[in-house]
Amino acid sequence: MKSKFSKELNAGTLSLVILTILERSAGPMYGYLIAKSMEKSAGTGGPDIKKGTIYPILRSLEKQGLLSSEVEPSDSGPPRKYYSITKHGQSELKEWIVIWKNTREFVDNALVLDNIVRKKKGK
Amino acid sequence: MDSKQTLINKYIEDLKAELAGVDMAIVVDAVSDANEYFYNELREIGKSNPELSDRDVFNKAQSNFGTPKEFAQYYLDTEETVTKALHSRLRKVEYRGGFLRIFSDPQAYTSFFFTILYFITGVFYFAWALTGMAVSISFGILIFGIPVALFFFGSYRVFSHVESRLVEAVLKERMPRRRIFERFEGNITSIFMQYLKDGYTWRCWGYMMLRFPLGLFSFLAVIIPLGLAVDLILTPILNREEQVINGILQLLPVESGIWILPITIPFSFLFVVATLYISKMIGRLQARFAKAMLVSGREL
């Protein structure tokens, strides 16, 4: 149950995090760099996110027009696909941030209320 | 081949096995992504932990990335979600009106315009493919023959990727979203030989060669009924000689004119409907042809 809940929670938030990373980056980023950036954001106590989940999300965001991409050959290894956020992606990100803040406030309030009730019941 | 590469290759094979039966375009994308991640991660882990064995480095990378089964499932889950999200709007639209529902189907119109473009690009692709092959063979005996041939062979693959993106964008057929991961190593002659032996190069060339006759057929298939539709309206108005309608009406002891429009308009309308249906059908065939040539048999 724990991993199922974690998986469902991550599924919605990863897109938000990816768009935020690309919005704040100085230039286009390829999948591996984005994964590393997310690893830094997660820190030691953050959610356990498999890097493999990022790639299909990048493609889906591109398909929806929120990201654009260019393939560039690398000095060694496979060619890299560099992603950038589009104007449509930037406007969607603003809306998603509002939704996220509202959701977080809703959940936090529910958890605070739950704590109050538990204390009153002496649990 | 070093053992890290062997481990990556094994991962890729397991990934392909997990994605067996899935749309080949998705498999190509998944393999490209896995290759990109593992190549970079193994290099970084190897640098920061030089004491680890290749197997330990790979296991660490895989634990961060996901097993082949997990990665395949991420792809399938995301693909299903995206497909539903993107096409739900289209599915919700009910095309009412029997056979006239084609007028409210945007795919019919995009297929029509794509068929026009298909013919124009088909001419270019055919010319480029034929010229490239002729020049490559002719220059084969010269010192710069191999770079010239490599340029043309490489261009066939690039054009094919551009074509597959166009087919997905316009005809909504799932195609790979990035170029097949190419690992051609060695000097220029060695790379050229690898291109020559790679079946995908020849499929791309064959696709470009066939685009002209197919483009011509497609173009005629949609333009002829549309031309007849226009002709049936314009001829009575302009009362021109030597038109199809006059040819038919010459059987009657009267000449065509404005008065015959109430008869020709319904037929013209039917030809317009036929044009749209034919366009949509041809669009589907074009997409399947592109997929069969450029995706289904691609070596990964």
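Author: The account below begins with the interface and then turns to a helix and a sheet.

This is a predicted model, in which local features need pLDDT of at least 70 and side-chain atom pairs count only at pLDDT 80 or more, while totals for chains, interfaces and linings use all residues. Residues are numbered from 1 along each chain as its sequence is written, chains are lettered from A and ligands numbered from 1 in the order in which they are written, and side-chain values use heavy atoms, with hydrogens and water left out.

With contact taken as heavy atoms within 4.5 Å, chain B contributes 26 residues and chain A contributes 24 residues. The size of an interface is often given as the accessible area lost when the parts come together. Here the buried area, meaning the accessible area (1.4 Å probe) that two parts lose on being put together, summed over both, is about 2500 Å² between chain B and chain A, and carbon and sulfur atoms give 58% of that area.

The rule for a salt bridge asks for a side-chain nitrogen of Lys or Arg within 4 Å of a carboxyl oxygen of Asp or Glu. Five salt bridges are found across the interface of chain B and chain A. One of them joins the side chains of A:R59 and B:D29, at 3.8 Å from N to O.

On the side of chain B that touches chain A, the elements giving two or more residues are helix 2 (24–48), helix 3 (54–65) and helix 4 (68–92) of chain B; helices (H or I, at least four residues) and strands (E, at least two) are DSSP runs, numbered from the N terminus. Helix 2 of chain B gives the most, with 10 residues.

Chain B also holds helix 6 (residues 145–171), whose 27 residues should span 39 Å at 1.5 Å a residue, and this agrees with the 38 Å between its end C-alpha atoms; the expected span is 1.5 Å times one less than the number of residues. Just after helix 6 of chain B, B:K172 takes a positive phi of about 60 degrees.

In chain A, an open sheet of three strands has the order 1-3-2 with antiparallel pairing, where two strands pair if DSSP finds at least two bridges between them. Its edge strands are strand 1 (29–30) and strand 2 (67–72) of chain A. Strand 1 of chain A is joined to strand 3 (residues 80–85) of chain A by two bridges, and A:M29 stands opposite A:Y83. Six bridges join strand 2 of chain A to strand 3 of chain A, and A:V71 stands opposite A:K81.
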